[in-house]
Amino acid sequence: MKQEFNITVFSENHIGLLARITIVFTRRKINIESLTVSESAISGVYKFTIVIKTTEDQVKKVVSQIEKIVDVLKAFYHTNQELIYQEIALYKVPTDALYDSDQIENIVRNSGARILEITREFTVIEKTGHKEETQALFEQLNQFKVMQFIRSGRVALTRDPIERLSEFLKERDAFLNSMD
Amino acid sequence: MNKEPMKVTGSEAVILSLLEEGVEIIFGYPGGAIMPIYDALYDYDKKITHILTRHEQGAAHAAEGYAKITGKAGVCFATSGPGATNLITGIADAMIDSIPMVCITGQVASPLLGTDAFQESDVLGISMPVTKWNYQITTPEEIPDAIAQAFFIAQSGRPGPVLLDITKDAQFGELEFSYKKCKKIRSYVPETPVDPFKVKAAAELIDNAKKPMLLFGQGVIISKAEEELKAFIEKTGIPAAWTLLGLSALPTEHPLNVGMLGMHGNYGPNVKTNEADLIIAVGMRFDDRVTGKVSAYARDAKIVHLDIDHAEINKIIKADVAVLGDAKKSLKMLTDNCKKNEHKKWLSEFNKAYDTEFEKVIDKDLHPTKEGLTMGEVISKVSEATNHEAILVTDVGQHQMVAARYFKFKHSRSLVTSGGLGTMGYGLPASMGAQLAAPDRTVVAVIGDGGFQMTIQELGTIAQNKLPVKIVLLNNNFLGMVRQWQQLFFEKRYSFTELINPDFLMITKGFGINGQKVTSRENLDAAVKEMMDHDGPYLLEVVVEKEDNVFPMVPSGASVSHILLEP
Ligand SMILES: Cc1ncc(C[n+]2csc(CCOP(=O)(O)OP(=O)(O)O)c2C)c(N)n1
């Protein structure tokens with residue numbers, strides 16, 4: 001059965017690595033639903049969060065193939081339930097609509113969103129949440145004609161108390177030294 | 001070598017680095033973007049041999065042939081753009097067959113990257129899916145470390161091809177050269193230590209199995225585990241069958257060698273796969289040409305899988321026990337943990353299956369009563385003439401399967417063939433690399449008339465370098481393997497598979513290579529002898545039956561149980 005999986009990849013910072021990782025998906029005709037990349041808590045180590053819809057059997061194989069890439073330190077996969085995750089969405093609405101009634105203000109307040117910036121022409125609203133939530137807000141705001149809308153890829157944390165990466169790196173170094 | 005830093009150009013640093021890695025031979029082809037490196041090479045012609053092939057694809061396959069025989073990385077040079085793209089087929093072949101290879105391509109100067117400069121192509125991007133690792137060097141200082149990493153990655157763990165793309169300005173620039181071999185990379189664990197608990201679990205399954213079967217692949221050869229394999233099967237009495245790339249790891253005449261797996265493999269090992277209660281797979285990856293229909297494969301068997309590559313575990317066939325690590329170590333531990341055993345009755349079933357196959361297929365192939373020559377009788381004669389001690393190189397097609405079935409081996413590392421990619425045109429150039437890797441051994445290249453014409457220009461390289469390759473051209477005037485499928489599965493609709501061939505003898509003569517053409521059985525022995533006695537390269541063209549088929553055959557998509565012995 002297909003479901004959403006979150007693949008987390010820790011890697012060295014090398015040019016071309018993103019392409020190498022995405023090749024693993026394209027080759028198997030797996031669509032990437034969302035992707036974020038940024039430096040992790042450890043300087044020089046990059047963290048990719050990739051969301052795909054597939055079967056557990058397939059995601060295991062994909063993670064194995066990713067981990068095989070020379071510049072990849074470690075790759076994991078998690079179901080949504082195993083993670084705390086968020087996406088951020090920005091909405092641009094005409095400022096006029098804000099003045100015409102207090103409806104927008106109410107929507108913003110009730111949905112836990114916030115107003116980032118107001119100019120004469122437009123107002124930018126920000127909301128973080130799961131896709132269903134940011135999408136629901138879009139539907140609500142769109143009665144006032146959303147001028148622009150953008151949603152980010154996912155950022156996710158495991159429910160572990162700490163990130164295991166630094167321990168992992170220590171173990172890896174010890175292991176490599178033991179091979180000498 | 002001098003460990004004190006010295007000032008050299010990037011180009012010279014490339015050559016010095018290769019020397020530090022013990023490189024003796026480079027296969028390559030020059031062009032604008034790699035000219036500085038070729039210029040640096042000019043001063044080192046006493047220390048390093050360069051073989052100028054006639055096409056970059058030839059250079060790549062030659063490097064593969066060299067790597068297969070030596071176990072060391074084959075090295076190729078090519079220029080940017082078309083030079084680099086011509087390497088790609090060979091790189092893809094090396095990737096799927098786990099062949100260590102270091103390719104160095106010239107690239108336009110770094111300020112021109114991305115400008116569609118003359119002969120610029122995105123070699124990094126193009127080669128990414130078919131390399132184990134690749135890297136673009138844009139400054140001279142990066143050269144020694146990048147080359148050190150390239151060799152480490154290509155040759156360690158599950159080997160594979162790597163590519164370094166070096167911009168022209170990095171070749172011209174200067175650096176303080178000093179070299180340090182790469183021994184580890186933080187993000188890369190080539191091999192994990194064998195887990196003794198997994199070995200124990202595997203040993204328990206092995207000790208309790210009634211009908212165990214061992215399947216070995218190229219992993220045994222790569223990890224130099226031939227003796228460990230032999231010790232394991234001899235202690236446990238387990239029949240062993242091989243994949244195409246595992247061929248030669250175990251001598252043909254070993255009593256526990258029960259033959260080839262897969263589509264055109266032997267009858268016994270295929271049908272017995274579905275009767276076995278335990279499969280021990282060593283350094284093989286359950287390729288679809290081996291498994292046939294996966295859902296009907298090894299149905300009654302537990303699976304023990306030994307491999308160095310974690311991504312191969314459970315990729316196709318789920319393992320009951322997976323032993324990760326180097327086969328040389330894991331096989332040794334497994335042997336120590338298993339009880340001495342025998343499986344005489346089970347082994348005799350393989351022998352019975354062989355008798356069936358002999359009667360229906362082998363006898364007809366090797367001792368034909370019809371007029372036309374068979375590929376099998378030619379291969380068998382040639383193998384005998386070399387006392388079964390030659391290196392066999394093949395191209396791709398019917399002759400490849402027949403050669404794998406009937407050529408005999410006494411020594412490991414004696415087969416060079418394109419397995420996973422099935423690359424026609426591989427044979428002739430790969431034979432050059434094999435011959436250069438083993439100048440004292442006889443190298444026989446068995447090639448079809450189709451594949452021969454894909455890289456026939458390499459006859460020039462063979463002639464120029466006086467490589468005494470014995471070329472056995474099995475001419476059926478067809479793209480035989482495709483024709484066989486057309487006959488069996490496309491109602492004999494021979495769509496574009498017939499070849500009107502040139503006079504091959506005249507062509508080889510034109511290259512200065514001797515040869516002869518055999519069209520009837522009575523001339524075969526003498527011709528084979530003449531080829532073997534000839535000092536230098538030789539073409540033996542044998543006109544074989546036009547419409548012969550390779551059997552047995554597991555039709556594509558069928559279960560290995562449904563292997564056919566005749567149409
Ligand atoms: C580069 C390439 N193109 C096409 C094929 C498909 N193919 C596989 S076997 C074969 C026929 C080979 O004919 P030939 O070289 O005459 O050898 P034979 O099968 O007759 O022994 C073809 C076309 C291939 N394997 N490689």
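Predicted model: local features only at pLDDT ≥ 70, side-chain atom pairs only at ≥ 80, totals over all residues.
**Entry 1: the ligand shell**

I sorted the residues of the shell around the ligand by class and got eight nonpolar, nine polar and one charged. My classes were Ala, Val, Leu, Ile, Met, Phe, Trp, Tyr, Cys and Pro as nonpolar, Asp, Glu, Lys and Arg as charged, and the others, Gly among them, as polar.

Residues are numbered from 1 along each chain as its sequence is written, chains are lettered from A and ligands numbered from 1 in the order in which they are written, and side-chain values use heavy atoms, with hydrogens and water left out.

Next I asked which residues come nearest to the ligand. Of the 18 around it, they are Q398(B), H399(B), G422(B), G450(B) and G451(B); a residue is near if one of its heavy atoms lies within 4 Å. I then looked up the helices (DSSP runs of H or I, at least four residues, numbered from the N terminus). In chain B, α16 (398–406), α18 (449–452) and α20 (480–489) each supply at least two residues of this shell.

**Entry 2: polar atoms at the ligand**

I checked for polar contacts, meaning N or O pairs within 3.5 Å; within protein, one atom must be able to donate a hydrogen and the other to accept it, and residues adjacent in sequence count only if both atoms are side-chain atoms. G422(B) places a backbone N or O atom 2.8 Å from a ligand nitrogen, while a backbone N or O atom of G450(B) is 2.9 Å from a ligand oxygen. From N476(B), a side-chain N or O atom also lies 2.9 Å from an oxygen of the ligand. The ligand taken alone exposes 590 Å², and the protein buries 77% of that (Shrake-Rupley, 1.4 Å probe; for residues, only the protein chains shown count as cover).

**Entry 3: chain A against chain B**

How many residues are in contact here? I found 24 of chain A and 21 of chain B, with contact as heavy atoms within 4.5 Å. The area buried between the chains is about 2100 Å², and carbon and sulfur atoms give 57% of it; this is accessible area (1.4 Å probe) lost on putting the two parts together, summed over both. R20(A), V70(A) and L176(A) supply 32% of what chain A buries against chain B, more than any other three residues.

I counted two salt bridges between the chains, each a side-chain nitrogen of Lys or Arg within 4 Å of a carboxyl oxygen of Asp or Glu. K68(A) and D309(B) meet in a salt bridge, 2.6 Å from N to O.
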